[in-house]
Amino acid sequence: MGDTRSDSDRRIGRRALLVGGAAAAVGTAVLAREELSHLWWRMPGVEKPRTPGAVDFRGARWLAASSANYRRADRPADYPIDRVVVHVTQGSFASAVKAFLNPAHQAAAHYIVRQNGEITQMIRELDVAFHSGNRAYNERSVGIEHEGFVEHRSSFTDAMYTASARLTAGICGRYGIPIDRTHIIGHSEVPGADHTDPGRYWDWDRYLRLVHRASAAASASPSPSAAKS
């Protein structure tokens, strides 16, 4: 069918297209400037040193995720960190590791906590892990996976809660994150998320108590330098 609009309609349409195109160009330029503002640290001599195999949480085991599943960054210098996001793997530890090593998976968390309390770090906290399905939340958060299934209360063991609470307390201490349910959230609470983890069997009250307790214990312990003096 031909275009039955009047010439004035066409002029309005062309004008709208031009204005819309100009607005899109401005928006693109703003986004480009914003991206550039987060890339300054890549200049020679600026990027923080990275030691192969180093972990951010003492006692964690290092196993590097595929670089396709995260983005190199220099947090918190370029993106402030103010959230911890709790996940559940919906499978075994081995299946989660296999997924995070797979470049086609396009997702991974910073840490995995096993049911026996062992912690594996797969992405540095410096970097942006693709774990929440929301870019803004990925940039501002640390993601922690927990081995198990949301439908099984038995997945969430004492050892897991204790180890994960120590890990979260350390993250909160490093970045000044308040220990509360606004800043320590489940994957299901991320805007736009279509996941249900950690699910109804995750005991948030217990977890927050343990995080507070771990934080208080860390604050009461002498620093390594103080212990040597």
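These legends describe close-up views of a predicted model.

**View 1. Six strands form an open sheet.** The strand order is β1-β5-β4-β7-β3-β8. Pairing within the sheet is mixed. Strands β1 and β8 are the edges, and each pairs on one side only. Strands of a sheet pair through backbone hydrogen bonds, either parallel or antiparallel. The antiparallel sense is seen between β4 and β5, which share three bridges. Here Tyr111 stands opposite Gln121 of β5.

**View 2. Strand β3 pairs with β7 and with β8.** The pairing with β7 (residues 141-146) is parallel and runs over four bridges. The pairing with β8 (residues 184-186) is also parallel, over three bridges. Val85 shows both contacts of the strand. Its bridge partner in β7 is Gly143. In β8, Val85 stands opposite Ile185.

**View 3. The side chains of β3 point two ways.** In a regular strand the side chains alternate between the two faces of the sheet. Arg83 and Val85 point one way from β3. Val84 and Val86 point the other way. All four are buried. For Arg83, the relative accessible area is 11%. That value counts as buried because the cut-off is under 20%.

**View 4. Asp82 forms salt bridges with Arg83 and Arg140.** Side chains of opposite charge can pair when their charged atoms come close. Between Asp82 and Arg83, the closest N and O atoms are 3.5 Å apart. Between Asp82 and Arg140, the N to O distance is 2.8 Å. The pair of Asp82 and Arg140 links distant parts of the chain, 58 residues apart. Asp82 sits in the loop between β2 and β3, and Arg140 belongs to helix α3. Asp82 is partly exposed, at 23% relative accessibility. Arg140 is partly exposed too, at 26%. Arg83 is buried.

**View 5. Glu139 and Arg71 meet in a salt bridge.** Their closest N and O atoms are 2.8 Å apart. Glu139 lies in helix α3 (residues 135-140), and Arg71 lies in strand β2 (residues 70-71). The two are 68 residues apart, so this pair also links distant parts of the chain. Glu139 is buried, with 13% relative accessibility. Arg71 is partly exposed, at 23%. Arg135 joins Arg71 and Glu139 in a network of salt bridges. The whole structure holds 11 salt bridges.

**View 6. Helix α4 spans residues 158-175.** The helix has 18 residues. From its first C-alpha to its last it reaches 26 Å, close to the 26 Å expected at 1.5 Å a residue. Its buried residues include Met160, Tyr161, Leu167, Ile171 and Cys172. Ala163, Ala165 and Ala169 are also among them. What covers these buried residues includes strands β3, β4, β5, β7 and β8. Helix α5 (204-220) is part of the cover as well. Gly176 follows α4. Its phi is positive, near 65°.

**View 7. Aromatic rings gather in a cluster of five residues: Phe156, Tyr161, Trp202, Trp204 and Tyr207.** Ring pairs link these residues. The structure holds six aromatic pairs. One of them joins Trp202 and Trp204. A pair of aromatic rings is described by the distance of the centres and the angle of the planes. For Trp202 and Trp204, the centres are 6.2 Å apart, with 75° between the planes. This pair is edge-to-face. Trp202 and Trp204 are both buried. Tyr161, another member of the cluster, is one of the buried residues of α4.

**View 8. Ser66 lies in the loop between β1 and β2.** Strand β1 covers residues 61-62. Ser66 is buried, with a relative accessible area of 13%. Leaving aside residues up to four places away in sequence, Ser66 touches Phe100, Leu101, Asn102 and Pro103.

Key: Residues are numbered from 1 along each chain as its sequence is written. This is a predicted model: local features need pLDDT of at least 70, side-chain atom pairs count only at pLDDT 80 or more; totals for chains, interfaces and linings use all residues. Side-chain values use heavy atoms; hydrogens and water are left out. A salt bridge is a side-chain nitrogen of Lys or Arg within 4 Å of a carboxyl oxygen of Asp or Glu. Buried means under 20% relative accessible area, exposed over 50%, partly exposed in between (1.4 Å probe, protein chains only). Two strands pair if DSSP finds at least two bridges between them. The expected span of a helix is 1.5 Å times one less than its number of residues. Contact means heavy atoms within 4.5 Å. Rings of Phe, Tyr and Trp (its six-membered ring) pair if their centres lie within 6.5 Å; planes under 30 degrees apart count as stacked, over 60 as edge-to-face and the rest as tilted.
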